[in-house]
Amino acid sequence: MKWDALEEEPCSLARTVAVIGDRWSLLVLRECFLRVRRFDDFQASLGITRHLLADRLKKLVRFGVLRKIPYREAPKRYEYILTQKGLDLYPIIMSIVHWGNVHMVDSRGRPMLHEHKSCKRMFDPVMVCSECGEPLAAKDVHVHPGPGARQSSPVHAKAQERAKSGRERA
């Protein structure tokens with residue numbers, strides 16, 4: 001796998017890492033979900049250099065996660081707004097936040113609490129099966145090769161192994 005060509009890999013995780021897989025991109029996305037929109041506000045909140053911030057924003061715009069909208073003409077200034085593709089990253093961001101709340105919190109407690117607007121209660125994100133609604137853990141999931149899988153992928157090899165051992169038992 002070539003680090004600079006992850007977006008071309010036949011692996012959804014690798015393609016996603018190509019877009020959001022560095023610390024600054026994740027932190028920019030956190031700020032977007034906290035309603036930060038403008039370059040100077042991102043910079044002030046994150047303490048990131050202008051060059052790095054410009055690079056990450058440009059990448060997120062290029063991959064369609066953010067869109068640039070001008071809000072001032074002279075000098076030209078932009079707001080960065082999450083697209084639907086960007087909004088679809090919310091469960092990922094919330095899963096990372098939840099992991100941090102469970103494993104990285106210090107004696108002061110969680111730095112942020114999340115309230116569900118509908119029921120007005122604080123919540124922890126959970127992942128559930130889209131078919132039956134049951135909570136999911138890694139041990140509850142079997143992975144099968146999809147139509148876009150590489151024939152030489154470990155998932156494909158394991159599936160062939162399982163199929164072969166099933167035939168041998170029969």
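Start by selecting helix α6, residues 90-103. This helix has 14 residues. From its first C-alpha to its last it reaches 20 Å, close to the 20 Å expected at 1.5 Å a residue. Keep in mind that the model is predicted.

**Stop 1: the buried side of α6**

Stay on α6 and highlight Ile93, Met94, Gly100 and Asn101. These are the buried residues of the helix. Where do they sit around the axis? They cover an arc of only 120 degrees, so they lie on the same side of α6. An α-helix has 3.6 residues a turn, so residues three or four places apart point the same way.

What covers these buried residues? The cover includes helix α2. Select that helix next.

**Stop 2: where α2 meets α6**

Show α2, residues 23-33, together with α6. Two packed helices are described by the angle between their axes and the distance between the axes. Here the axes come within 11 Å and cross at roughly 105 degrees. Angles of 65 to 115 degrees count as roughly perpendicular, and α2 and α6 are therefore roughly perpendicular to each other.

Now show the side chains at the contact. From α2, pick Leu26, Leu29 and Phe33. From α6, pick Tyr90, Ile93 and Ile96. Which classes of residue make this contact? There are 6 nonpolar residues, no polar ones and no charged ones. Ile93 belongs to this contact and is also one of the buried residues of α6.

**Stop 3: helix α1**

Finish with α1, residues 12-20. Highlight Ala14, Ala18, Val19 and Ile20, the buried residues of this helix. Then bring in their cover, which includes α2, α4 (50-62) and α6.

Methods. Residues are numbered from 1 along each chain as its sequence is written. This is a predicted model: local features need pLDDT of at least 70, side-chain atom pairs count only at pLDDT 80 or more; totals for chains, interfaces and linings use all residues. Side-chain values use heavy atoms; hydrogens and water are left out. Axes are lines fitted to C-alpha atoms, for helices over the stretch in contact, and angles run from 0 to 180 degrees between N-to-C directions. Helices (H or I, at least four residues) and strands (E, at least two) are DSSP runs, numbered from the N terminus. Angles under 35 degrees count as roughly parallel, over 145 as roughly antiparallel, 65 to 115 as roughly perpendicular and the rest as oblique. Contact means heavy atoms within 4.5 Å. Ala, Val, Leu, Ile, Met, Phe, Trp, Tyr, Cys and Pro count as nonpolar, Asp, Glu, Lys and Arg as charged, and the others, Gly among them, as polar. The expected span of a helix is 1.5 Å times one less than its number of residues. Buried means under 20% relative accessible area, exposed over 50%, partly exposed in between (1.4 Å probe, protein chains only). The arc is that of the directions from the helix axis to the C-beta atoms.
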